[in-house]
Number of protein chains: 2
Amino acid sequence: MKLGIDIMGGDFAPDAALKGASEAAKVLPQDVTFVLIGKKEVIDPYLEKNHSGDKRFAPVYASEVIDMSDPPTKAIIRKPDSSIAIGFSLLKSKEIDAFMSAGSTGAMMVGALYSIKAIEGILRPSIASIVPKQSGNHGVLLDVGANADCKPEVLHQFAVLGALYSKYVFKIDQPKVALLSIGSEKEKGNLATQAAYQLIDQNENLNFIGNIEGYDFFTEKSDVMVCDGFTGNILLKFGESIFHMLHKRGIKDEYFDTFNYQNYGGTPVLGVNAPVIIGHGVSNEVAFKNMLIQGSELVKSGLIDQIKSAFELNKIG
Amino acid sequence: MKLGIDIMGGDFAPDAALKGASEAAKVLPQDVTFVLIGKKEVIDPYLEKNHSGDKRFAPVYASEVIDMSDPPTKAIIRKPDSSIAIGFSLLKSKEIDAFMSAGSTGAMMVGALYSIKAIEGILRPSIASIVPKQSGNHGVLLDVGANADCKPEVLHQFAVLGALYSKYVFKIDQPKVALLSIGSEKEKGNLATQAAYQLIDQNENLNFIGNIEGYDFFTEKSDVMVCDGFTGNILLKFGESIFHMLHKRGIKDEYFDTFNYQNYGGTPVLGVNAPVIIGHGVSNEVAFKNMLIQGSELVKSGLIDQIKSAFELNKIG
């Protein structure tokens, strides 16, 4: 398995990315190799010093870097030799099995959509976030920002994508799928969720439990929580701000510590033809390490093929 | 000033409502009187025992109670002798200056819209929530559930309503108004917020600071946060669930303790012709007391007249 990592993306790159890869190598199996994508003058001295002669590490040079000021839609075209453009090119040609970056979310989404592309039948790929449940289990929330406005058919597809992620990556047999809304009754919600309710309810492959409210976010009621990317993004950042306030106020707690984004690595892009993970802009060494572990699990799970066959068989949406 | 309180609404009514009124009487000026609306057999023994001969307490009897299983749109008509129906009737005839209840939110909204009605020019009245800012100041978030789908013109009006609340109730001179969104740039957001951005930005009476993200919810960046009622309701309940988890896990903290809804009383309905506050369903004695204090401040602020004249002068929306 070859994991491609953009070592130039994120506030603490390249150091955090390089060290994260070294740490991941200690815990991942020997057949996992690390394709480090970035500037030669950065990678070569690091590998020379830390992994000289180690065949698990392979550099791929990229002379450019997409930064946050680059307009995402044009960045990939304007900077074809950037680490993100090269990463997607390697992913498309199957020279790597997964691509991860803590760089520009916009450029990552554009890169995914224009290089490896959406899986046939998928209306809008989604960015998912892992949610620490009170029980210690992992929930999935989607969308968290790729699609601000979502038609009911798109929300329905998110339900399918989230359920497959939960099943194949988290090994939850019949994941409980819920629509995030403002009341448990099916007529509650906005126009899009009311219509999506019907579609999801009719899908016999889903274990749909109906609407859940903001109260139920961290409970065991659901494994998969579906919402538009506007709501999901605001919630995600709101939750993160609470984690930061707890931290700032010196409150230590085993459960709230699981809110720390770095434990999860990054947010997977679901519905595209290969595993892609977008890391948090402030990813540190631990976050990069966990993003690589998450990437290896994503490849191992065979999720992409499962999504392909689900959408092929059912012609969902 | 006459404050009308539904003593039958809420999980802990009538006890919590009655005791809350007694507590509020201790701290509010002598010219504030309490109109207790509810069952005779409940009110009379309580007043006899606790406030015999006290002219600050006046009972108004209601033989019926709207409960959570009553459909909100029909409850007021079907139960004309309910405490909520009578409360609005007293408010309309100006026999009370404000009406408060911890009963059905739906019935309260319907009651407000059909009895005292929306202020002329207001497209959709809104339910606002008070947000404890990290500085100790109070922010206003609206809408938190009255309107799941909002047109840009409606979001613009929420900005005006929130700013007036902040100015006249919290005495913040030039309240900073923000749109809750998924990026600080004006082109970020969903279709409704992108269009609302233009409208709010063009309103010279508002101190509009642009978009804020979920991260900024508790910071001093803004005094007024505008969003649709779907997003606002989910956020409010999400925040509340975090407060409960902290409590459950035995975490005590001065700032997080301010999250406790009972400190705020209830959520004011903005854009209707008289002061109305909806209490939390689980309102205890402290919550009722604070809801009555909040109601007295709302009446004293003259907010309703300020809203009327703002919408008259500017023909907003």
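Predicted model: local features only at pLDDT ≥ 70, side-chain atom pairs only at ≥ 80, totals over all residues.
Chain B can be laid on chain A by a turn of 180° and a shift of 0.0 Å along the axis, with an RMSD of 0.0 Å. That is the relation of a two-fold axis. The contact takes 39 residues from chain B and 39 residues from chain A.

**Symmetry**

- Of the residues of chain B, B:Thr231 comes closest to the rotation axis, with its C-alpha at 2.8 Å.
- The copies meet through the same surface, because 100% of the interface residues of chain B are also interface residues in chain A.

**The interface**

- About 3,700 Å² is buried between chain B and chain A, and carbon and sulfur atoms give 72% of that area.
- In chain B, the residues that lose the most area to chain A are B:Tyr215, B:Phe230 and B:Phe238, together 19% of what that side buries.
- Six residue pairs are in polar contact across the interface of chain B and chain A, counting pairs with both residues at pLDDT 80 or more.
- On the side of chain B that touches chain A, α7 (191-202), α8 (229-248) and α9 (254-257) each supply at least two residues.
- Helix α8(B) gives the most to that side, with 15 residues.
- The residues of that side of chain B divide into 18 nonpolar, twelve polar and nine charged.

**Salt bridges between the chains**

- Between chain B and chain A there are four salt bridges, and over all chains the structure holds 14.
- One of the salt bridges is between the side chains of B:Arg249 and A:Asp253, at 2.6 Å from N to O.
- Another salt bridge links B:Lys237 with A:Glu213, and their closest N and O atoms are 2.2 Å apart.
- This pair joins two chains, because B:Lys237 lies in helix α8 of chain B and A:Glu213 lies in the loop between β8 (207-212) and β9 (224-226) of chain A.
- B:Lys237 has a relative accessible area of 11%, so it is buried, the cut-off being under 20%.
- A:Glu213 is also buried, with a relative accessible area of 17%.

**Salt bridges within a chain**

- In chain A, A:Lys79 forms a salt bridge with A:Asp70, and the closest N and O atoms are 2.8 Å apart.
- Both A:Lys79 and A:Asp70 are buried.
- In chain B, B:Asp70 forms a salt bridge with B:Lys79, again with the closest N and O atoms 2.8 Å apart.
- B:Asp70 is buried at a relative accessible area of 17%, and B:Lys79 is buried at 18%.

**Backbone details**

- Most peptide bonds are trans, and most residues other than glycine have a negative phi.
- A cis peptide bond joins A:Leu142 and A:Asp143, with omega about 10°.
- A:Asp143 is in the loop between β6 (138-142) and α6 (152-168) of chain A.
- B:Ala13 and B:Pro14 are also joined by a cis peptide bond, with omega about -5°.
- B:Pro14 is in the loop between β1 (2-6) and α1 (15-27) of chain B.
- B:Lys94 is not a glycine, yet it has a positive phi of about 60°.
- The place of B:Lys94 is the loop between α4 (83-92) and β4 (98-101) of chain B, and at 70% relative accessibility B:Lys94 counts as exposed.
- B:Lys117, which is not a glycine either, has a positive phi of about 70°.
- B:Lys117 lies in the loop between α5 (105-116) and β5 (126-132) of chain B, and at 42% relative accessibility B:Lys117 counts as partly exposed.

Conventions:
Residues numbered from 1 in each chain as written. Chains lettered and ligands numbered in written order. Heavy atoms only, no water. Contact = heavy atoms within 4.5 Å. Buried area = accessible area lost by both parts, 1.4 Å probe. Polar contact = N/O pair within 3.5 Å; in protein donor to acceptor, adjacent residues only side chain to side chain. Helix = DSSP H or I, 4+ residues; strand = E, 2+ residues; numbered from the N terminus. Nonpolar A, V, L, I, M, F, W, Y, C, P; charged D, E, K, R; others polar. Buried < 20%, exposed > 50% of the residue type's maximum accessible area, 1.4 Å probe, protein only. Least-squares fit on C-alpha atoms with pLDDT ≥ 70 in both.
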